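This report describes the structure shown below, section by section. Keep the sequence and the 3D view open while reading.

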Amino acid sequence: MGECVELAPGLNPVESAGEASGPPQPFRALNRVFRRRRRVGLLSLLSPPVFWMLFIYVGSLVLLVVSAFFALDPISQKPTTTFTTDNITDALTDSSATRLFLQTVLIASAVTIACVAIALPTAFFVAKIAPRWMRRGLMVSILLPLWAGYMVKTYAWRAMVSPAGGSQFAAEGRGGGGFLQSALGWTPGYSKTAVVIALVYLWLPYMMLPIYAGLERLPSSLLDAAGDLGAKPLRTFRSVIMPLLLPSIAAGSIFTFSLSLGDYILPRLVVDGKERVMFGELINSTLGAPNQPLAAAYTIWPLAMIILYLFAMKRAGAFDNL
Amino acid sequence: MRTSLLSRVVLGLITLGTLLFLYTPLWVVARLSFTTTKSVSWPAKGWTLQWWREAWKTEGPRDALVNSLSVALAATAVALVLGTLAAFAMQRFTFFGRNSVSFLWVLPIALPGIVTGIALQNTFSRTIDLGLFSFRVGFGFHSLVIAHATFCVVVAYNNVVARLRRSSPNLLEASADLGAHGTQTFRYVTFPLVRSALVAGGILAFALSFDEIVVTTFTSGSGFLTLPQWIYANFARPKSPGVVNVVATFVMLMSIPIAWLAQRLGDGGVDQ
Amino acid sequence: MRTRRTAMALLASLSIVAAACGDDEKTGSTAVETTTADTAGTDTTTADTAGTDTTVGVETTVAGETDYMWTPNAGVLAGAEGQVNIVAWPGYIEDGSTAPEYDWVTPFESITSCQVNVKLGATSDEMVQLMQSGEYDGVSASGDATNRLMAGGEIAALDLAEYTSYVDVFAGLKDKVWNSLDGEPMGIPHGRGANLLVYNTEAFPDGLDSWSAMWDGGTVADGAVSIYDSPIYIADAALWLMATQPELGITDPYALDQTQFDAAIALLDEQKAVSGQYWSDYTVQAGSLVDGTVLAGTTWQVVANFAAGEGAKIETVKPKEGATGWSDTWMLSSQASNPNCMKLWMDWISSPWANAQATEYFGEAPSNAKSCTLTADPDHCTKFHAENEEYWDDVWYWTTATEECIDGRTDVACVPYTEWVNAWSSLRA
């Protein structure tokens, strides 16, 4: 497939070949260096971002894990320079922490699955069934909530799920419950279910994007061919679409899974503080105790989980589809 | 693939349902910005422009908006530069450890915000002694830009890589064959090629940075609030939460043309 | 190309419009509109709730200017830095944005030119953590934060000569364990209050006078009880044990040996059966009180006032078993970048007018004796027992539990606060 690139004005091959002019002196030397040494070219391109990521980011992560090895002074509650493995042992063996982490992984997985279940048919409709003129409008509408802001949507969900109070106890005109209660007569209340629903709500656009992009790239001719070969739509879906979409789904799941895994603001607001639902809340409240070393030790859980998850998703080809 | 009428209708209904799901809470927020009660619970009572008037006068959200915009712009700029450099390096060269390096870009956005946040906070709060001189990053506008740029790099990177993948490397060779020097090739061939990817990536990175709350909480300095921070801080006060709903609704409305633009420009790249 | 150019132009013009609209207000009208639905037309009428409907009284001179009864120290004023970053309890630093009549920041800013930036802390733990970062100039710390902060070297000692209001502070609040170190004053007292029991008047028409609804259950409030989400609440459990299980021998709810501590934790575990909400955000508890989803709980007067203003049918009371409470102190950070502005703030907030405003709004006893004549409700000091030391006999101020027993016992080791934190964390999991 050839590409036509509009040559920008100023680059007239005949002109440049004839004239003795060219880039100013320093650039000429630079060009020579880059042409001669491919390595230099590569290194100069690569070093700023790699330096940034390694030293600023990975370095910070390493420092964080290291900080977990220091004891906390019990009176001033500041980290000391005394080395100890107690924090790590506590963080990794405490049964309530372990239970909480498993619960969080379950919730994050549920959110991911729900997001895929909603995004697939919706994206398929928009990409393959909806008429061309509707496509952009639909995609804009689906992605617009991304801009509304995390905090706004979190508080909106509080107003959505709040349960009905005893109306005789409530103030005048209040106590009818949140939007869901008054509109549908049912609400999950301040519960884990509400957390899952709200998280699905928040991250759905992040799953829609890669799946839509993946479906767009899927040539309709492929699907027609499958049909011509006798495959029913469901078979086509299973054998043609899904394998090709797997990388996109994997890419989307990186967002939904990790964003859900670490969230601590939404659960606190949507569960009304009744119980601690997500692991991020534990990290945050430990940090606020204040107990920085123990909080750092707790972060080992999500750190290890996400690194493992990334490896798995890479195998699924997610990295080419972000 | 021939889809039956039934499946088309069903899928259409699902899509409608998704849109309904996505917009109802937003509508609740917008409705609450007109309520006459002071607290932010449902049901909203009455209609008043009181909060809109008050929001107009309050300096807090305005300053926060400006802060958010400036951090997002700066972070996007840095992320675009770093991401493009990385994309070219990864796409045009093969080298040892290339697969491992691709992890680096994704890590900041893949790790939960709270982990990134407290890691960076830990680093920024320390005084780093390098023998000859010591420095402390500290907290303020700069720490936010560093933090935001870090997780926005991957967005720019992905867009540029995707664009480069679609274009033939022969183009650059052709340009050289025609007598263009390295910098000329960059200016007249490479840059126009990736420009659309830069814009699309830039808008997405901007959106990410603008909306970010978790990492921001840990890496911001005292007195410097971004808009999400302002919203978070003020919902917890028995202040007029109505004002916060107004701010939220305003941001939503303002984002409509921008989202449309982003989609337009994103598609524009593909059509070419 | 053309579409992209128009798109760019559109984006550019949008940003210009946004910027223009943003700056609009500085030159626009400054008329403040308060609608009728505003601040508390309805206020509860019992003795323990302060009215919130009238504007707080000020002394006005003939020219219409308010006399704030404060003259800042000239030396400190000369060195004012222009801004100050303070960690404070929500409701302590009001600049008119909650309601126009609650504003003791604007006068301060105009007198000192120190712009006040507030960082809210919902719990003492949060405040300790914030102060440890070194990013703030000062804090309004309760007694359970002050010990930790002083031990960690976060607080600068005071030179009392720089504070003009200190001389009028009640003697009963000065030189206490939680606001002084080695006899040196480390902070300026703000006010004191008790953690009160709030209950729904429809649910309990006969009123309540005991914490029993929150511990024993068996009332209509089961599952609708609101509990303060902080490890310091363990002291409230200990307080209940003091009244109901005297055989445990608890004499101070902050001095708990292992047996007593375990009993308190067991009690808190049982309490989960009646609990409905663990709160640290005001609006969360207030909203639930208004909705009727919370029918009883521990609260601060300011939250109850806010909820009452929204129509909640509630009352507050200090139960007969006593209560935990707080005595707050303004403290200067040892790493303050704006120490002079912070000193000015500390002096201002403890001056008669400002202290009256702040403590009447929050619903606590003021620290400045002269404030009692300046409150809108002339009985404010009486209602909040500012001068009645007897009232405070069964109020246990928040304090940090240490291994060295606070009640003086030397035969056992008491459970330190870090263990309180761990236990609370496990409890909430």
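## A strand in chain C

C:Ser226 has C:Gly297 as its bridge partner in β10(C). This pairing, like everything in this report, belongs to a predicted model.

## Two domains of chain C

The domain assignment divides chain C into domain 1 (74–193 + 328–389) and domain 2 (196–299 + 399–428). Taken over C-alpha atoms, the centres of these two domains of chain C are 27 Å apart. Where they touch, domain 1 of chain C gives 10 residues and domain 2 of chain C gives seven residues.

On the side of domain 1 of chain C that touches domain 2, the elements that give two or more residues are α4 (124–132) and α5 (143–151) of chain C. The largest share of that side, four residues, comes from α5(C). Sorted by class, the side of domain 1 of chain C that touches domain 2 has three nonpolar, four polar and three charged residues.

## Nonpolar cores

The largest nonpolar core holds 304 residues, and B:Ala79 and C:Trp345 touch the most other members. Both domain 1 and domain 2 of chain C give residues to this core, so the core lies between them. Another core, of five residues, lies apart from the largest one; C:Ala365, C:Cys372, C:Cys381 and C:Phe384 are among its members.

Which residues does C:Trp345 contact, leaving aside its neighbours within four places in sequence? They are C:Val84, C:Ile86, C:Phe108, C:Cys114, C:Val116 and C:Gly138.

Chain B contains 11 helices and two strands. From the N terminus on, the order of its elements is α-α-α-α-α-β-β-α-α-α-α-α-α. The C-alpha atoms of chain B fill a box of roughly 70 × 70 × 30 Å along the principal axes. Of the 272 residues in chain B, 57% are buried. Among contacts in chain B between residues at least 6 apart in sequence, 75% join residues at least 24 apart.

Between chains A and B, 92 residues of chain A are in contact with 82 residues of chain B. Helix α3 (residues 38–67) of chain A supplies the largest share of chain A's side, 16 residues. By class, the side of chain A that touches chain B has 64 nonpolar, 22 polar and six charged residues.

## Confidence of the prediction

For the complex, the predictor gives an ipTM of 0.85 and a pTM of 0.83. Chain A has a mean pLDDT of 83, with 87% of its residues at 70 or more. Over residues 1–20 of chain A the pLDDT is below 50, and this stretch has 16 contacts beyond near neighbours in sequence.

Chain C averages a pLDDT of 84, and 85% of its residues score at least 70. Its residues 9–62 have a pLDDT below 50; beyond near neighbours in sequence, this stretch has 81 contacts in the model.

Key
Residues numbered from 1 in each chain as written. Chains lettered and ligands numbered in written order. Predicted model: local features only at pLDDT ≥ 70, side-chain atom pairs only at ≥ 80, totals over all residues. Domains from an automatic or database assignment. Contact = placed C-beta atoms within 7 Å. Nonpolar A, V, L, I, M, F, W, Y, C, P; charged D, E, K, R; others polar. Buried ≥ 20, exposed ≤ 12 C-beta atoms within 10 Å, placed from the backbone. pLDDT = per-residue confidence, 0-100. Core = buried A, V, L, I, M, F, W, Y, C linked by C-beta atoms within 7 Å. Pairing = 2+ DSSP bridges.
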